[in-house]
Amino acid sequence: MGVSGRLGLSAAVVLVLMMFLPMALFPQKSQSDSLLSDISSGKTRVLDLSYAINDKLVPWPGDKRWFEAQVNATVEKNGYFTRSFWMLEHYGTHLDAPIHFPPGKATVDQIPAKQFFGPAVVLDVSAEGAKNADYQAPASRVEEWEKKHGRISEGSIVLLRTGWASRWPDARKYRNQDAQGKMHFPGFSAEAAKLLVSRKVSGIGCDTLSVDYGASEDFAVHHLVLGAGLYQLENLSDLSEVPEAGAFLVVAPIKLEGGSGGPARVFAVWEAGSNEVRK
């Protein structure tokens, strides 16, 4: 083969590599691009997993103040409308930053932005929680999910679906306190938390007041998860429509300097009509 032929072959090889190397390196790029572009057409589902903030949400027992808002200007008087508000960092749908519990360090504004985007892993323990309000999802529940869907990928966000959102915003039913004031609702176990930390997930979340089960006194999950630099999402709204696998999560907390946490807007995004398990 002559020089020109070898050059032509080399050019062809380069062209093929340019066409197919991106596909090999980024096999999910076209899928994710389609997922985003199809939002406006309705082919992609977007579900808001956050409660609107007002003074009627369920606060942690013992909190005396949690949300206040007042009007600063009205259209009738000022030609525009504004309000000011005050609220607790941990109220309604919110994020716990690592610094919230030792040995965690990072404040909410210091959490790397990339950790707010990731595949959603949904662990459905609603049946167990209905039978036992003190249920703690064991590590075996994580392993069962992995047997069905594959190993949890690094950067995932793991959500515990307990069904407790059906009790919101009835404080009595949602807190489920006994005569001694101790709360009873499901949560993650310390063993499950350790396993998820080892999987290098970005965060965990739940549809209850706490990722620890309600009767917890040592908040072991808080210490383990936040101590490892992950974040937690609490008081997520109804998770029943979110597939166990196949959805993508977008977490948008308030960027509060020095904050131990703060209110968050959380979105689940997935392909409409997909056959992923939603039970």
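Buried means under 20% relative accessible area, exposed over 50% and partly exposed in between, with a 1.4 Å probe and protein chains only. The model is predicted: local features need pLDDT of at least 70, side-chain atom pairs count only at pLDDT 80 or more, and totals for chains, interfaces and linings use all residues. Residues are numbered from 1 along each chain as its sequence is written, and side-chain values use heavy atoms, with hydrogens and water left out.

View 1. Helices (H or I, at least four residues) and strands (E, at least two) are DSSP runs, numbered from the N terminus. The chain has 279 residues, and 42% of them count as buried. Take the contacts (heavy atoms within 4.5 Å) with a separation of 6 or more: residues 24 or more positions apart account for 73% of them.

**View 2. Helix 5 (residues 139-149) has a buried side and an exposed one.** Buried here are A139, R141, V142, W145 and E146. These residues lie on the same side of helix 5 because they cover an arc of only 160 degrees around the axis. The arc is that of the directions from the helix axis to the C-beta atoms. K147 and K148, on the other side of helix 5, are exposed. The cover over the buried residues includes strand 5, helix 4 (126-131), strand 6 (136-137) and helix 7 (190-198). Just past the end of helix 5, G150 has a positive phi of about 100 degrees.

**View 3. E146 is a buried acidic residue name to find in helix 5.** Its relative accessible area is 12%, so E146 counts as buried. Setting aside neighbours within four places in sequence, E146 contacts R151, I152 and R199.

**View 4. P138 sits in the loop between strand 6 and helix 5.** P138 has 28% relative accessibility and therefore counts as partly exposed. Not counting residues up to four places away in sequence, P138 touches S189 and A192. P138 and A190 are 52 residues apart in sequence, yet 7.9 Å apart in space, C-alpha to C-alpha.

**View 5. Helix 5 packs on helix 7.** The angle is about 45 degrees, and the axes are 7 Å apart. Axes are lines fitted to C-alpha atoms, for helices over the stretch in contact, and angles run from 0 to 180 degrees between N-to-C directions. Helix 5 and helix 7 are therefore oblique to each other. Angles under 35 degrees count as roughly parallel, over 145 as roughly antiparallel, 65 to 115 as roughly perpendicular and the rest as oblique. From helix 5 come A139, V142 and E143; they meet E191, A192, L195 and L196 in helix 7.

**View 6. Helix 7 also packs on helix 8 (residues 220-227).** Here the angle is about 5 degrees, with the axes 9 Å apart. Helix 7 and helix 8 are therefore roughly parallel to each other. Helix 7 brings A190, A193, K194 and V197 to the contact, and helix 8 brings A220, V221, L224 and V225.

**View 7. Helix 7 buries several residues among strands and helices.** A190, A192, A193, L195 and L196 are buried. These buried residues pack against strand 6, helix 5, strand 7, strand 8 (187-188), strand 9 (203-206) and helix 8. Just after helix 7, K200 takes a positive phi of about 60 degrees.

**View 8. Strand 11 (residues 248-253) pairs with strand 5 and strand 12.** Two strands pair if DSSP finds at least two bridges between them. Strand 5 (residues 117-124) runs antiparallel to strand 11, and three bridges join them. G118 has L249 as its bridge partner in strand 11. Six bridges link strand 11 to strand 12 (residues 261-271), again in the antiparallel sense. L249 stands opposite A268 in strand 12. In a regular strand the side chains alternate between the two faces of the sheet. On strand 11, L249, V251 and P253 form the covered face, and F248, V250 and A252 the uncovered one.

**View 9. R161 lies in strand 7 (residues 157-161).** R161 counts as buried because its relative accessibility is 4%. Its side chain reaches the backbone oxygen of L239 at 2.8 Å. This is a polar contact: a pair of N or O atoms within 3.5 Å; within protein, one must be able to donate a hydrogen and the other to accept it, and residues adjacent in sequence count only if both atoms are side-chain atoms.
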